[in-house]
Amino acid sequence: MNYIERVNPDIIAIDAPFNMPKKGNMRDCDLTMKQIGLNPLPPTLPGMRILVERANLLLNWLNKIGIKAIEVFPAGALRFLGYKKKPKSNAERIRIIRDIMKSLNLRSSRGIYKISPDAFDGLICAITGLAYLTDNFVEIRGEHCSVIFPVELGKWK
C-alpha cells in the first residue's frame with residue numbers, strides 16, 4: 001500500500017474476481033469467457049472466495065485514494081496476446097516475456113534470467129494494464145462484471 005501511494009499509478013490490474021455471481025457458480029462474464037475457450041475458475045470455490053474478499057478490500061482502499069483498478073485474467077490475456085497456453089518452465093516464461101517486450105518495444109533495466117509463475121502472471125497483469133491505458137484492450141462485460149484483456153501482439157495502435 002505504501003508503494004502504491006508513493007508511485008501513484010494510473011491503473012492497477014488485479015488478477016482476481018471483483019465480485020461473486022448473483023446466482024449459480026459463475027458470473028455472466030465468466031460464462032462468456034468459457035464460450036470463447038477460456039477457463040476461469042468459479043468465484044464460489046473456497047480459495048477464489050478469499051481472492052474476491054481480498055480484491056474488494058483493495059478496491060475499497062484504491063477507490064478512497066482515487067486509483068482506478070481493472071479486473072484481469074492472465075491465462076486469458078496470454079491467449080489474447082497470441083499464445084496457446086501458460087508456460088510451465090522458467091525458460092518458456094522468459095521466452096514469452098522477452099517476445100512480448102520486443103513486440104511492444106519495451107526494455108528491462110536488468111537481465112531476465114528467472115521468472116516465477118507468480119511474477120510471470122504479475123507481468124502479464126502489467127501488460128494488460130498497459131493495453132488498457134493505451135486503448136489496446138478487449139473488454140468482456142457482463143451485467144455485474146468486466147474483465148480486461150490485451151489485443152493480440154502486432155495489432156496494438
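So, Tyr132: with a relative accessible area of 22%, this residue is partly exposed. On that scale, buried means under 20% relative accessible area, exposed means over 50%, and partly exposed is in between, using a 1.4 Å probe and protein chains only. Keep in mind that this is a predicted model, where local features need pLDDT of at least 70, side-chain atom pairs count only at pLDDT 80 or more, and totals for chains, interfaces and linings use all residues. Residues are numbered from 1 along each chain as its sequence is written, and side-chain values use heavy atoms, with hydrogens and water left out.

Okay, aromatic pairs. How many does the structure hold? Two. Rings of Phe, Tyr and Trp (its six-membered ring) pair if their centres lie within 6.5 Å; planes under 30 degrees apart are stacked, over 60 edge-to-face, and the rest tilted.

Phe80 and Phe149 have ring centres 4.6 Å apart and planes at 15 degrees, so they're stacked. Phe80 sits in helix H4 (residues 74-81) and Phe149 in strand S4 (residues 146-150), so this pair ties together parts 69 residues apart in sequence. Helices (H or I, at least four residues) and strands (E, at least two) are DSSP runs, numbered from the N terminus. Phe149 is buried at 0%, while Phe80 is partly exposed at 21%.

Back to Tyr132: its ring and that of Phe137 have centres 4.8 Å apart and planes at 40 degrees, so that pair is tilted. Phe137 is partly exposed too, at 25%.

Last up, Arg27, in the loop between strand S1 (12-14) and helix H2 (28-35). Is Arg27 buried or exposed? Buried, at 4%.
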